[in-house]
Amino acid sequence: MNQRISTVSLLFLTLMGLCVSLAKAQPTEPRQPVRTVTIPISIFTKQELKEGQLDEIVQADRLIVHENKDEQQILSIKSVGDSPLSIAFLVQEDLTSNFNLQINDIQQFIRGLPKGTRVMVAYLRGGSAELRQKFTDDLEKAAASLRVVSSSQFAAPRSPYDGVSDTLGRFDAMPAGRRAILLFSDGLDTTNGLNLASITQSFDLDQAILRAQRKSVAVYSFYHPTALTESSNSMLSLGAQGALEKLSTETGGRSFYHGFTAPISFTPFFKDMFMSLNRQFALTYLSTHMNKGYYKVKVSSTNPEIKIEHPRGYYYR
């Protein structure tokens with residue numbers, strides 16, 4: 001895939017005008033304690049999502065952030081050209097062997113990322129993530145670090161979400177900016193049994209979501225079966241896909257799958273990924289909530305034709 005992400009000219013705010021309006025809107029009463037929060041957001045028109053093609057210009061009008069239903073002040077919105085991108089590729093070791101047919105497409109995707117993007121590659125096996133390539137801006141080196149999976153059930157991770165949580169700590173060394181994880185997994189956590197409730201409500205899944213939200217990392221999940229999910233009933237695969245979708249939706253990413261079977265090609269998914277990354281921004285706002293706990297977040301636009309993908313919330317300690 002030779003397609004490259006290009007900086008899109010957005011008229012979604014007229015940032016200077018927004019800053020002026022925000023400044024004027026500030027009350028004259030004594031200042032209250034505040035803290036800064038940064039989250040990843042992706043902005044599209046509903047027509048773009050339907051047609052799968054980005055317009056050159058999108059009018060998003062004024063963006064509004066609510067935290068626990070209280071409107072918050074936006075400080076900045078950094079776009080593709082302003083904010084560096086750090087991406088971790090996580091591959092589950094026990095995926096079925098036809099995953100290996102997709103490696104070339106993944107390599108091409110990495111090579112097509114914008115110059116300056118930092119990429120990490122790791123494989124989820126056993127009880128940990130095997131690091132193949134630490135974060136690097138050498139995209140060719142990162143692409144070359146991909147290898148075939150063994151597809152062995154003995155190499156299956158205890159939970160794929162353990163590896164996600166472990167990887168999130170590696171983003172601490174990265175500069176502030178846009179962050180993402182691309183997770184290739186069947187999404188099945190068997191630590192608490194194989195019933196539908198335990199799969200979609202696992203402790204490891206919830207911990208991965210909270211940590212990703214705290215570190216402003218959007219998780220994009222790509223479903224691919226293992227021997228267990230390929231040979232099992234559809235309800236097991238459905239629950240595993242539901243867990244992946246929950247992880248992606250709650251962190252501001254997106255979930256990709258092709259029924260209960262392995263996708264013939266990841267290329268159509270990567271096309272959507274390019275769209276999402278091309279319209280991804282790092283939004284920073286002032287939170288007026290100082291107590292520890294979980295906070296729901298909603299980002300909206302005064303333009304009803306705009307759709308915004310973002311984390312559903314985050315946990316503050």
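## A walk through the predicted model

Let's start in a loop: Ser 151 is found between helix H4 (139-144) and H5. Keep in mind as you look around that this is a predicted model. Ser 151 has a positive phi of about 65°, although it is not a glycine. Is Ser 151 buried, exposed or partly exposed? With a relative accessible area of 21%, Ser 151 is partly exposed.

You can find another residue like this at Asn 68, which sits in the loop between strand S2 (63-67) and strand S3 (70-78). Its phi is near 50°, again a positive value in a residue other than glycine. Asn 68 counts as partly exposed too, at 33% relative accessibility. For a glycine with a positive phi, go to Gly 252: this residue follows H9, and its phi is near 90°.

While you're there, have a look at H9 itself. Its end C-alpha atoms are 26 Å apart, which agrees with the 26 Å that 18 residues should span at 1.5 Å a residue. Quite a few residues of H9 are buried, including Leu 236, Ala 240, Leu 244, Leu 247 and Thr 251. Leu 238 lies in H9 as well (residues 234-251), but Leu 238 is partly exposed, with a relative accessible area of 42%. What does Leu 238 form together with Met 235 and Phe 260? The three make a nonpolar patch on the surface, with about 270 Å² of accessible area together.

Helix H10 (residues 267-278) is the next stop. H10 has 12 residues and reaches 16 Å from its first C-alpha to its last, close to the 16 Å expected at 1.5 Å a residue. Its buried residues include Phe 269, Phe 270, Met 273 and Phe 274.

Two of those phenylalanines lead us to the aromatic rings. Phe 269 and Phe 270 belong to a cluster linked by ring pairs, along with Phe 89, Phe 99, Phe 109, Phe 184, Phe 222, Phe 256 and Phe 266. The count for the model comes to 15 aromatic pairs. One of them is Phe 184 with Phe 222, a stacked pair at 4.8 Å centre to centre with 20° between the planes. Phe 184 is buried, with a relative accessible area of 1%, and Phe 222 is buried at 0%.

Another buried residue is Ala 212, which has its place in helix H7 and a relative accessible area of 0%. The C-alpha atoms of Ala 212 and Ala 180 are separated by 9.1 Å, while the two residues are 32 residues apart along the chain.

Now for the charges, which come to 10 salt bridges in this model. Arg 158 bridges to Asp 162, with the closest N and O atoms 2.8 Å apart. Here Arg 158 is partly exposed, at a relative accessible area of 42%, whereas Asp 162 counts as buried at 19%. Asp 172 and Lys 215 also meet in a salt bridge, 2.8 Å from N to O. Asp 172 lies in the loop between helix H5 (160-168) and S7, and Lys 215 in the loop between helix H7 (203-214) and S8, so the pair ties together parts that are 43 residues apart in sequence. Asp 172 is exposed, with a relative accessible area of 52%, and Lys 215 is partly exposed, at 24%.

Then look at Arg 254 and Glu 309, whose side chains meet in a salt bridge of 2.9 Å, N to O. Arg 254 is in the loop between H9 and strand S9 (255-256), while Glu 309 is in strand S12 (residues 306-309), 55 residues away. Are Arg 254 and Glu 309 buried or exposed? Both are buried.

Salt bridges can also join up: Glu 93, Arg 125, Glu 130 and Arg 147 are linked in a network of them. Arg 147 has an aromatic neighbour too, lying over the face of Tyr 123 at 4.0 Å from the ring centre.

Technical notes
Residues are numbered from 1 along each chain as its sequence is written. This is a predicted model: local features need pLDDT of at least 70, side-chain atom pairs count only at pLDDT 80 or more; totals for chains, interfaces and linings use all residues. Side-chain values use heavy atoms; hydrogens and water are left out. Patches are made of residues with over 30% relative accessible area and no salt bridge: like charges are joined within 9 Å, nonpolar side chains (Val, Leu, Ile, Met, Phe, Trp, Tyr) within 5 Å. Accessible areas come from the Shrake-Rupley method with a 1.4 Å probe; for residues, only the protein chains shown count as cover. A salt bridge is a side-chain nitrogen of Lys or Arg within 4 Å of a carboxyl oxygen of Asp or Glu. Helices (H or I, at least four residues) and strands (E, at least two) are DSSP runs, numbered from the N terminus. Buried means under 20% relative accessible area, exposed over 50%, partly exposed in between (1.4 Å probe, protein chains only). Rings of Phe, Tyr and Trp (its six-membered ring) pair if their centres lie within 6.5 Å; planes under 30 degrees apart count as stacked, over 60 as edge-to-face and the rest as tilted. A charge sits over a ring if NZ of Lys or CZ of Arg is within 6 Å of the ring centre and within 35 degrees of the ring normal. The expected span of a helix is 1.5 Å times one less than its number of residues.
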